[in-house]
Amino acid sequence: MGNYFEHLHTVGFEETNIVGNVYYVNYLRWQGRCREMFLKTHAPDVLGELQDDLKLFTLKVDCEFYAEITAFDELSIRMRLVDLAQTQLEFSFDYVKLDARNLGVGETLIARGRQRVACMRGPNTRTVPARVPESLVRALQPYVP
């Protein structure tokens, strides 16, 4: 698989349930956070467009779980570009638990997710599909599969 954008995260108590493992909805939150950090780092002008009339609508999201994680686990959320169309993008996300105690061997894939996003523009009552901003297309070039 091609290059990925990495967002590091330490699980907090507030992200766990009464049993002590991470509540499933947090995986979806982390997808959004990883996507936001990519924009901040690689396409900051898109953030300005989002304050204007650009909208990024999440059309589809999923996550498949392989292992449990708990508070203070260190994660690498790795976002890859799956598809870049005229008005839509699709990303995949690997959730990898990092364990420094395993002397460099410490990576465990704990979940894998996907997200399909549509670019839209216009006022809320008349929003229409729009091309993926050129600056975002350029920022995604190193991640094209």
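**Labels and the values behind them**

Guide: Arg121 counts as partly exposed, with a relative accessibility of 24%. Before we go on, this is a predicted model, where local features need pLDDT of at least 70 and side-chain atom pairs count only at pLDDT 80 or more, while totals for chains, interfaces and linings use all residues. Residues are numbered from 1 along each chain as its sequence is written, and side-chain values use heavy atoms, with hydrogens and water left out.

Visitor: Why does Arg121 count as partly exposed?
Guide: Buried means under 20% relative accessible area and exposed over 50%, with partly exposed in between (1.4 Å probe, protein chains only). At 24%, Arg121 falls in the partly exposed class, and so does Asp53 at 26%.

Visitor: What makes Asp53 and Arg121 a salt bridge?
Guide: The term asks for a side-chain nitrogen of Lys or Arg within 4 Å of a carboxyl oxygen of Asp or Glu. For Asp53 and Arg121 the N to O distance is 2.8 Å, and their side chains meet in a salt bridge. The structure holds 12 salt bridges.

Visitor: Why is it said that the pair of Asp53 and Arg121 ties together parts of the chain?
Guide: Asp53 lies in the loop between helix H2 (44-52) and strand S2 (54-65), and Arg121 in strand S5 (residues 107-121), so the pair ties together parts that are 68 residues apart in sequence. Helices (H or I, at least four residues) and strands (E, at least two) are DSSP runs, numbered from the N terminus.

Visitor: Which salt bridge does Arg78 make, and where are its partners?
Guide: The side chain of Arg78 meets that of Glu107 at 2.9 Å, N to O. Arg78 sits in strand S3 (residues 74-84) and Glu107 in strand S5, 29 residues apart.

Visitor: How do you know whether Arg78 is buried or exposed?
Guide: Its relative accessible area is 9%, so Arg78 is buried. Glu107, at 47%, counts as partly exposed.

Visitor: What about Asp83 and Arg116?
Guide: Their closest N and O atoms are 3.1 Å apart, and they form a salt bridge. Asp83 is in strand S3 and Arg116 in strand S5, so this pair ties together parts 33 residues apart in sequence. Asp83 is partly exposed at 29%, whereas Arg116 is buried at 17%. Salt bridges that share partners join Asp83, Glu90, Arg114 and Arg116 into one network.

Visitor: Now the rings: how many aromatic pairs are there?
Guide: There are eight. Rings of Phe, Tyr and Trp (its six-membered ring) pair if their centres lie within 6.5 Å; planes under 30 degrees apart count as stacked, over 60 as edge-to-face and the rest as tilted.

Visitor: What makes Phe38 and Tyr143 a pair of the edge-to-face kind?
Guide: Their centres are 5.5 Å apart and their planes at 80°, so Phe38 and Tyr143 are edge-to-face. Tyr143 lies in the segment after helix H3 (134-140), 105 residues from Phe38. Both Phe38 and Tyr143 are buried.
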